[in-house]
Amino acid sequence: MRIFKKIVIFIVVLLVVILAGGAMYYNSLKPSYAGDISLTGISKETSVFFDDYGIPHIYAESELDAVTALGYVHAQDRLWQMELMRRIAPGELSEIFGGKMLKNDQFFVSLGIEEASGKSIKNLDENGEVYKLATAYLNGVNQFIDNGPTPIEFTLIGVEKEHYQLNDIYNIMGYMSFSFAMAQKTDPFLSVVKEKLGDNYLKELGIDINPNTILIKNAKPTVESLKDLAFTVNKIMESNPIPPFIGSNSWVVSPKKTTTGNVLFANDPHIGFSQPAVWYEAHISTPNYELYGYHLAGVPFPLLGHNRNYAYGLTMFENDDIDFYKEENHPTDANKYKTPNGYEDYKTVTKTIKVKDAEDVTIEIRNTRHGPIMNDVVDAISQTDPIAMSWIFTQFEGQMLAALHTISRAKEMSDVKKGVSMIKAPGLNVMYGDSKGNVAWWAAGKLYKHKPHVNTKFILDGASGEDDPVEYLDFDQNPMAENPSWNYVYSANNQPDTIANILYPGYYLSEDRAKRITQLLEPKNNWNKETMAAMITDVTSAVSPSVIKEFASTINYNSFNKNEQRAIDILQLWDGSNTIDGVAPTIFNKLVFQYLKNTYEDELGEELFTQFLSTHLSKRAIANQIKKDTSIWWDNVTTSNNIETKKDILSKSLVETVASLENQLGNDITSWNWGKVHTLEHPHPLGTVASLKDYFNVGPFPINGAREVINNRGYEYNDSGLYKVNAGPSTRRIIDFSDIENSLSVLPTGQSGNPFSKHYKDQAEMFNNGEFRKMKLNKEEIISLSTKLTIQPKNE
């Protein structure tokens, strides 16, 4: 009996020790939001107040102290996210995730981002403020790496922490720039369509074909390889553990259109959803500087920000800054390629990629005067004519870090404009408003012209020089508007008007969001913070009802069965709103997919049709194609004895839509609620492991909104009838210069990327419901709601 008691006591003690140890380990992994620490690089005591949503408000005697503190607190909440961000451009994901990321790494190391980063750093003035602040930020990050707890993701995957360097910052911005681009998805696709189907099909897609254009003649293997290039790049971007930037809304209303006589500013950049969310908020206050900013992981200067004097934000310009060139090899020397001045040697770069649990992989990348040869890193095109990618980001010296510094330290509107002018790539629309009543937007990016015969949406001729740019435009020729007479500025990734006698080539989105924004802004002159908040969460499409009107006028209502007629009735009574309880959005989205599929897939084939759906072309086609009573696309080329009409295709699409939804959701059409099929889950890279999903992912939730409404949601169209949201507003900001201390914002999940933090997902419900929290600037209020971390100077 005594032995049994001893065993029981031993087991109980052991369990207590294990539980106590587990609790201690669990608590040790939490971010430190209070207490005292010492850091090198801090000259005087610095206070960090973490408010009720975990947002740091840093009060320091100098910017260097403040930015050092920022690096430390940023790392303690987002070190894992920083780790992933810095690994993409140099091709180091395979080192931690294994061979499944090898294609991603091979692709990204070929782009030349690392080399561009090196050039930018070489030209950086080590005595300048940009360098000093960037290294102060890195100092803070690295001190957390040395002294802070190791995030659980590092332990689970087996990753060693390493110090951050300047090239990491530049590489992160390089990846960001590439993720903005659409040419890598669109140009190869259009070239295949051109060769496979001909000009008439392209014209019906809204692609202008200049009759003087001399297009490259392609053999069938080359056409197939271009299709594979587009497919491969799509897969690479989809499989990245960090989401791409995809679009945005912003509008700034002048005092003449507000109830307070002050500027109102709204911005919600659209980015792929992930956990943690993209932006890290931080408020810095020193005797000479104050800004409330939104930071990318690993970047010291905010891309979005405001203070008591001005606010700025961004949307994607969607201009064309990537061109593909078909090069011509020397007939006998594989190391040379043809140029307008004769044959030149390829410049070859050797890269070694470390792969977890496997041998290192070494690749050689050839570069021409245009850029890297994609054949060397995309297996599917390795045996065809060389295709080079020319990207503005690597063609010009990168000044992105200096630009962000200039914008975030501005004193006047002209300072922000100067910072915008320094950005060569990516293409951005930088939005601006201030306390003096100014509103403005400027398109950032190095724009250029070609000869009239060139259409940059196709693979170009690299050998002759005839398709090379002939002029790079000065910044003052970029689209922009400053204090326009209509008293507001806006951007929704739509085509900008010209001020240089050309329409700028790009991959602009359909007019849906732009039309709704202007529809709401134009007639109203009594805007306030509350009505602006309602607008930024608006879920009504200005275009969908017109699509339904055209659809209904084409079909024969009496030819359908009762449930099909009910579906038509619901769509015709629909106002275009996309709420969780609505039935019409469920029918409409399925109908749009079937209509696109029945219109385009027979000509394109299954794989090309899937690629088509991933481009902005498909979004533009929804409203454009249905207006056409006659079109080469309406006929189903697989039915040899019949020529289908618009009515045939739309009628077939409705029948298939209703049958599919009955099979998926039942015969009771009133139960086909949008929230059953339209859901949002924020994926963490470790959430792909089933046993870890519930701990790291946030969601899923039924969610309002839809494609191309103001409260924009990105999702794929496919046969499943499910619309799993993968992108949307990365934040929502409303800045009111009449009440700056009560301006509003929200993040999709939470401020922290640490799953043990109470701020990991504490904003998710607010975000889903279209609610907001304050962006606090009042020090007394901040102190009253915050915990305090005190940072003392540490003797080195």
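D357 sits in the loop that joins β13 (347–353) to β14 (361–367), where strands are DSSP runs of E with at least two residues, helices are runs of H or I with at least four residues, and both are numbered from the N terminus. The model is a predicted one, in which local features need pLDDT of at least 70 and side-chain atom pairs count only at pLDDT 80 or more, while totals for chains, interfaces and linings use all residues. Residues are numbered from 1 along each chain as its sequence is written, and side-chain values use heavy atoms, with hydrogens and water left out.

Although D357 is not a glycine, its phi is positive, at about 60°. D357 is exposed, with a relative accessible area of 76%; here exposed means over 50% relative accessible area, buried means under 20%, and partly exposed lies in between, with a 1.4 Å probe and protein chains only. N487, also not a glycine, has a positive phi of about 70°. This residue belongs to the loop between β21 (480–482) and β22 (488–491), and N487 is buried, with a relative accessible area of 19%.

Two cis peptide bonds can be visited next. One runs from Q275 to P276, with omega near 5°, and P276 is in the loop between β5 (264–272) and β6 (280–286). Another runs from G699 to P700, with omega near 10°; P700 is located in strand β24 (residues 698–702).

Strand β2 (residues 46–50) contains S47. S47 is buried, with a relative accessible area of 11%. Apart from neighbours within four places in sequence, S47 touches H57, I58, Y59, K788 and L789, contact being defined as heavy atoms within 4.5 Å.

Attention now turns to the helices, starting with α18 (residues 562–572), whose buried residues are N563, E564, Q565, A567, I568 and L571. The cover over these buried residues includes α17 (544–554), α19 and α22 (646–665). At the start of α18, a side-chain oxygen of N561 comes within 3.2 Å of the backbone nitrogen of N563.

Two packed helices are described by the angle between their axes and the distance between the axes. For α18 and α19, the angle is about 105° and the axes are 9 Å apart; axes are lines fitted to C-alpha atoms, for helices over the stretch in contact, and angles run from 0 to 180 degrees between N-to-C directions. The two helices α18 and α19 are therefore roughly perpendicular to each other, given that 65 to 115 degrees counts as roughly perpendicular, under 35 as roughly parallel, over 145 as roughly antiparallel and the rest as oblique. From α18, A567, I570 and L571 meet A584, I587, F588 and L591 of α19. The residues of this contact comprise seven nonpolar, no polar and no charged; Ala, Val, Leu, Ile, Met, Phe, Trp, Tyr, Cys and Pro count as nonpolar, Asp, Glu, Lys and Arg as charged, and the others, Gly among them, as polar.

Helix α19 (residues 584–604) also packs with helix α20 (residues 606–613), their axes coming within 8 Å and crossing at roughly 130°. This makes α19 oblique to α20. On the α19 side, F593, L596, K597, Y600, E601 and L604 meet E606, L608, F609, F612 and L613 of α20. Residues in the contact of α19 with α20 divide into eight nonpolar, no polar and three charged.

Notes: A polar contact is a pair of N or O atoms within 3.5 Å; within protein, one must be able to donate a hydrogen and the other to accept it, and residues adjacent in sequence count only if both atoms are side-chain atoms.
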